[in-house]
Amino acid sequence: MTREIIAGFIGTPTKPITMNATTLMIQLSAKTAKSARVRAAAAGLLLIAPTFAQADSPPLTPEKMREDLTYLKETWAPQDRSFNDSQRSDFNRLVDETAAAAEHLTPEEFALHVMRAVAVARNGHTNANAAKLLGPDIPVRVWLFADGLRVVKTHPDFARLLGARIDGIGALTTQEALDALRVYLPGTDQRIRFLSPGYLVTPSVLKQIGAIKDTAAVPLTVQLADGRSETVTLAPTGDEDPGDERKTNLNRGYGVLKPDEASLSGRWNHLLDGRSDLPAVYSKRSDLQTQFLDEARKILYIRSDVVRSMDDTALSDKFAGLFHEKILPVQPKHMVVDLRFNPGGDLFNTILFSQALPRLVPRDGRVFVLVGRATFSAAISTAAMLKGSGGDKVTLIGEEMGDASRFWAEGKHLELPNSGLAVRYSPEFHDYETGCFELGECYWATVAFGPRGISIAPEITVDLTYEAYAEGRDPALEKVLDLIRNP
């Protein structure tokens, strides 16, 4: 499928940033505390006040915005085939409206208008990476669990917020903020569900959707882990998270669920810190990790977080080694393939693996494929080929994946000439619902290797709750083991 991982949609500022941060107390009832940090903790109302110094760069003038919009409309749009006629009309209208309003737009507002126009296609691979212009985030990272939006990672100064449920953001409830954000994000409902948490910590985005009026402060209505409710006010910080995966051009979304290594200098606090024996899914990101889940070595767990190699050894060679070293000599009865945090990569790395694996499982064995909202692009193709090759022997378990069974992909990023926004177009069609039969209608690799007439919806749905995650559990894998032991 795509030959590169979709870039993270939320960006860290690329210009040098310095910060002079102080922690301020806002409730008068805590006046007697001896330090600003202690007063803030006592009051429960926290504000980081940063001062940013950015390197000089050419201003994004209204004229330059209009030049970028002309490039978007005349050079980028004709290469993307994912828009239907109605969507293309809406795209053109939004671009024209943005050009007319350019005199009044900040760079952040301009970036969000481009995002909104591109997102009209409702295709996950057709997207705008506005990282360069959206500015810094507040010092927390969040994830949308089945039972609410929770803080899972924080700057060390705000560790007391770990586990807090966010019920409101500025003037909006959390659900209202999620609803307002939808029009700026690409893809299916599930893809938007995956991407949304990363944007809800970005003040420029929150201002655009009407949650706040001033990006200097973001009030959060939270219920703390101990059950107390309060309002906490946070400001954007230049004290960046050293484990933020945006720095390596990856989707930050799922990365917040994996604690950073203890040795990482300046690491932020994580909800799972101190938990021993965490499930493999929450361990360090890997292109291929395997382990037997039982002493008899009858259940082989295979985890892949990206469909490309993370070192100098080709991923296809690593899969070949897996067959020769663990599958053929041992002949495990059951296989568990974990693609839940795999955003894609290169389809050609897993064609042989996904078509061969189900055929090497014993007749009374099973293949369980774990999927979720972060499963995207070439990872979806991998899951589809596993299902197509193994049929009823293969069971998909977890959440709905991050795209539908029919989507456009295989494009490249074009950079808008003045703003530098990277906008990806999608020229090739994938269809795993009815199948791809004709060259010219579908991407050639799906015609040659793709399954036909299958469903990529999970046959067994397992949604991750906050309670299960906070306990360091993996409910989807627990469900697999239960099915194996109690067929």
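1. Two strands are taken to pair if DSSP finds at least two bridges between them, and helices (H or I, at least four residues) and strands (E, at least two) are DSSP runs numbered from the N terminus. With that convention, strand β15 (residues 394-398) and β20 run parallel and are joined by two bridges, and isoleucine 397 has isoleucine 460 in β20 as its bridge partner.

2. On the basis of the note: this is a predicted model, in which local features need pLDDT of at least 70 and side-chain atom pairs count only at pLDDT 80 or more, whereas totals for chains, interfaces and linings use all residues. Residues are numbered from 1 along each chain as its sequence is written, and side-chain values use heavy atoms, with hydrogens and water left out.

3. The secondary structure of the chain comes to 14 helices and 20 strands. Of its 487 residues, 57% count as buried, where buried means under 20% relative accessible area, exposed means over 50%, and partly exposed lies in between (1.4 Å probe, protein chains only). The accessible surface, from the Shrake-Rupley method with a 1.4 Å probe and with only the protein chains shown counting as cover for residues, comes to about 20200 Å², of which 49% belongs to carbon and sulfur atoms. Taking contact as heavy atoms within 4.5 Å, 70% of the contacts between residues at least 6 apart in sequence join residues at least 24 apart.

4. The sheet to which β15 and β20 belong is open and has six strands in the order β11-β12-β13-β14-β15-β20, with mixed pairing. Its edges are β11 (289-292) and β20 (460-461), each of which has a single partner strand, so one side of each is left without a neighbour in the sheet.

5. A nonpolar core is here a set of buried Ala, Val, Leu, Ile, Met, Phe, Trp, Tyr and Cys residues joined through side-chain atoms within 4.5 Å. The largest such core has 95 residues, and the members that touch the most others are Leu72, Trp76, Val114, Met115, Ile169 and Tyr469. Helix α4 (residues 107-119) gives the most to this core, with seven residues. Leaving out residues up to four places away in sequence, leucine 72 touches Ala77, Phe91, Val95, Val114, Val118, Leu416 and Val423. There is also a second, separate core of 33 residues, which includes Leu300, Leu315, Tyr432 and Ile456. As background, nonpolar side chains in soluble globular proteins tend to be buried together.

6. Leucine 386, in helix α11 (residues 378-390), is a buried position with a relative accessible area of 0%. Its contacts, leaving aside neighbours within four places in sequence, are with Val337, Ser354, Leu357, Pro358, Val369 and Val394. The C-alpha atoms of leucine 386 and glutamine 355 are separated by 6.0 Å, although the two residues are 31 apart along the chain.

7. Tryptophan 444, placed in helix α12 (residues 444-449), is partly exposed, with a relative accessible area of 45%.

8. The structure holds 30 salt bridges, each being a side-chain nitrogen of Lys or Arg within 4 Å of a carboxyl oxygen of Asp or Glu. One of them joins glutamate 103 to arginine 66, with the closest N and O atoms 3.0 Å apart. Glutamate 103 lies in the loop between α3 (85-100) and α4, and arginine 66 in helix α2 (residues 62-76), so the pair ties together parts that are 37 residues apart in sequence. Glutamate 103 is exposed at 51% relative accessible area, whereas arginine 66 is partly exposed at 24%.

9. Lysine 284 and glutamate 261 form another salt bridge, their closest N and O atoms being 3.3 Å apart. This pair links distant parts of the chain, 23 residues apart, with lysine 284 in the loop between β10 (269-270) and β11 and glutamate 261 in the loop between β9 (229-234) and β10. Lysine 284 is exposed at 60% relative accessibility, and glutamate 261 is partly exposed at 43%.

10. In the salt bridge between aspartate 311 and lysine 318, the closest N and O atoms are 3.0 Å apart; aspartate 311 is partly exposed at 46%, while lysine 318 counts as buried at 17%. Finally, Arg160, Asp226, Arg228 and Glu230 are linked in a network of salt bridges.
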